[in-house]
Every structure is written in structure tokens, then in C-alpha cells.
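Colleague: Before we talk, could you put the sequence and the structure side by side for me?

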Amino acid sequence: MVEAPKLTEVSVQGLLGRFNHTIKFPPDQEFVIIYGPNGIGKTRLLELVSNTFALKMGKVARTPFAQAIFSFSDGARLTLENLAPTVSEDHVDYEYTLRLLLEEPGAENIEWVNTRDQAEFREIPMSRWMRLIEKYTPARYMGGGKFVDPETGRALGRSEALDRYGYLIPPDLVPFPQFPEGIKNFLQGADVHLIETHRLLTSVKAQQEARGEPSSRITVREFSEDFSRRMHEALAQNSRTSQELDRTFPRRLLSAGYPPAAATEEAIRDRYNEQSELRDRLAEISLLQGASDLPLPNKKLDESQRLVLWTYLDDSERKLATFEDLLRRVQLFRDIVNSRFQFKQLRLNRGGFDFVTDLGQEIPAESLSSGEQHELVLAYDLLFNVAENSLVLIDEPEISLHVAWQQEFLNDIAKIANTASLRFIVATHSPQIIHKWRSRAVSLGADS
């Protein structure tokens, strides 16, 4: 599989009408930190990056800026220009002219220019907008020209609802911009995930309660249910693999005739012990039940025994491989959580996860403190919900984190980056977050 090019630099001119910021992000680094005083545009910069890569041009146009240039490890460059923004004070009606230019080595440049003339949207009555948005998107009309965003619970204007969910409406019904396939394919290969940490602890369901307010559930409970689902999916995959291998085991064993040269007695015992240790780790999180295999007898193995055991070990390796990715993420998740929480340990099983105190008291995850829930949700979200090779943008991770946890945050991020194949841009005010990583920090100031 060809690795997607990595973002190596972001340069924004005229952000908020006054700031010029450049962030260099070497491809061999797991993360870069941006910091600076309030009002310098850290959050708006992250939003601009996220919305550009998601091709949410309406949201891009709402960010005051003149030009943004994104450079990549393979020499590609994406230039975004805001040529003629005009945004109303209430952010409901707006017109804009945006230009995208994609330059890739050895390929023709691809340009897209779009002028959004709000007049064509004004011709569509609100009653039709309401029907289109409610029929094709998860947003729900709440009156007064506003829609409820099912993900955040926020009220959205018509234009905001279309920016967020308009791609779900058939293009022949609404005049949305059409992007060149080359630009769409390029940006789809550079997945970007924005985490707004102040919104981590609750998630909003699409349906509404009778009083008209969006109903919500505790995110930690949802993640516990999600973990249970992932456990059962892994078990189902393991069962399918095991059944196929067990069905063909006699035929493969009889057709082999002799053990391969690699099947020495030392190699067999080493592999056997390694797999037994792996089974023990899987049993700790209930992916396997029962004790590991008994030790091999302490006597010389003859040729037929080596053949049988080597074939068995090959099959076991394939069966256990169905759990490896999940196990790596679970072990890091458990290590991060247990190293932060006092007097309690994370307990994972097929039903989800909860906690047990050093006194033996069982605690459901939703009973944790807000700081503990914040740490739990952020770690889980990054390890289990973000696609591999994504660029993750994290805004103010220090929210709800104890000072000691802040100092360990980027150590955790580095481990998560290596386990889940992610890269991070972290925006923060906290010197405790930066801590020993000042060499990775970029100061955003009036003159940056």
C-alpha cells in the first residue's frame, strides 16, 4: 500500500484580517505544537485546515483570511485563496469567491474557482429548504430558520446546515459546487480529524425529546458499548479464521510430508512460548478464555512431532493475528488510563469497560470525575475512532486535565501516534503541555 503524502507546512496569510502564520511540520515527527496568546487565531487556523480538507467551502469562507498554502512531503502543494469574501453579520447569507490550485510533481495543475452567489439560494423558499434538509440530512428544523445539529446540539442557520450536511442532498436538487476529481481524490487521501476538546464529554443523538431539545448520552458509556462491539467483531473474525484452518488442518498436515528446515526444536519451543504469552495477554481482556497452553514436554521431538507442532503453530499465528491490532490499542489505552487514575484500575471485557477500586468497589465509567472522563474519552477516541494515517488537530487539550496529566499528554500522543499511525497538530495555552517538547513548538504571534 502506497503511503499518502504527509503535510509538512501550513502557511496562512491575513488570518482574521491581520495575522500571517507558518507552521513547519517535518514528516518524521509525530506532532507539532502551536501556542500563542488569545485572539491570535489558533482555533480558527485549525478549523481552516479541517474545513479545507473536508471541502466545506462555506465554512472556509466564514474564516477571514487571504491565502492558505499546504505543502506535502512528496512536493505537492495546495493553494487556497479567498478572493472576495462578503459575509453578513448574522452569518446566514454570504457570498464568496474561492480558488483552489493543486500542484503535484509530474502532473498538470488542477484549478477550481467557485463563486457562490447567494441570490440563487434566496430563490429557494425556506419551506423547501426545510424539506430537503430534513429528508436527506440528520439535521432537524427547530423553527425560526434554524436547524439542530445532531452531533453538537448547536443551532445552525440554513447555510451552516448546508455546509455541514449538504453533501447528502442529491446534487440535482441544490446548486452546490462541483470539485474536480483530482482535488477530491487528493484530499480524500489526506484524512483530517478535528478534536474540539470542550465537546468531548457528551455526544448528541439525532432524535429530539418532546420538549424540542436534543437528547444526549454520556460519551464514556457509548465508548464502552463501542468497545464491546469491537470485541465481538474481533471474536467473530477469529472464529471464521479458526474454522477455515481447522477444516483444512488434516489435509495440509498429510500433504506436507516433512517439517520445513526452519522447524527446529529450538524454534518450535520459542514460538510456542511466545504464543502462550500472547494468549495470556488476550485472556486479560477476555478475548480468550482459560489458561495458556501447557508447556511442551521436556524431551527431544521427533520428525513427525515437529511437523505437527510447526503446522499447529502456523495456524495459531494466523488465528491470533486477528486480535493483534485490537490488542495493541487496548494495551496502550489501558496503560494510559491506569497511569493517570488514582486508586482505581480499568477493567475491560466483552461487555465493555468499567473500573474497580483498590478496595474492590466497582465503578461504572460514567461515574468518573469530569477530568477522568475527559482523559478516558480523548485516549479512546484517538486509539479507536480515528482512521490510520490521519492528521489529528487537537484544540486546547489542557481543558479538564490535571497539571500532572498535562505534562504527560504529549508523551501519550507520541505513543498513540506510533500505535495508531497518526500525526498531530496540537494548539495549546499550557506550558505544562509543552513541557519538555519546546523544540516541537511553534509560537504564533502578531509577527509570526
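Colleague: Which residue in β5 is the bridge partner of Q67?

Modeller: This is a predicted model, in which local features need pLDDT of at least 70, side-chain atom pairs count only at pLDDT 80 or more, and totals for chains, interfaces and linings use all residues. Residues are numbered from 1 along each chain as its sequence is written, and side-chain values use heavy atoms, with hydrogens and water left out. Strand β4 (residues 67-72) is joined to β5 by five bridges and the two run antiparallel, where strands are DSSP runs (E, at least two residues) numbered from the N terminus and two of them pair if DSSP finds at least two bridges between them. Within β5, Q67 has as its bridge partner E81.

Colleague: How many of the six residues of strand β5 are buried?

Modeller: β5 forms a hairpin with β4, with four residues between them, and G75 in that turn has a positive phi of about 95°. Buried means under 20% relative accessible area, exposed over 50% and partly exposed in between, with a 1.4 Å probe and protein chains only. Strand β5 (residues 77-82) is mostly covered, the number of its residues that are buried being five.

Colleague: Why is one side of β12 and of β20 left without a neighbour in the sheet?

Modeller: The open sheet has five strands in the order β12-β18-β19-β3-β20, with parallel pairing. β12 (192-196) and β20 (441-443) are left without a neighbour on one side because they stand at the edges, each with a single partner strand.

Colleague: Is E233 buried, partly exposed or exposed?

Modeller: E233 is found in helix α7 (residues 219-256), a helix being a DSSP run of H or I with at least four residues. From C-alpha to C-alpha, E233 lies 10.0 Å from F323, although the two are 90 residues apart in sequence. Its relative accessibility is 44%, so E233 counts as partly exposed.

Colleague: How many nonpolar residues are in the lining of the second largest pocket?

Modeller: The second largest pocket is lined by 22 residues, and K6, N389, S390, L422 and R423 lie nearest its centre. A pocket here is an open set of points on a 1 Å grid over the protein atoms alone, where a 1.4 Å probe fits, with protein on both sides within 12 Å along at least five of seven lines, and lining residues have an atom within 4 Å of a point. Ala, Val, Leu, Ile, Met, Phe, Trp, Tyr, Cys and Pro count as nonpolar, Asp, Glu, Lys and Arg as charged, and the others, Gly among them, as polar. The lining divides into five charged, six polar and, for the nonpolar residues, 11.
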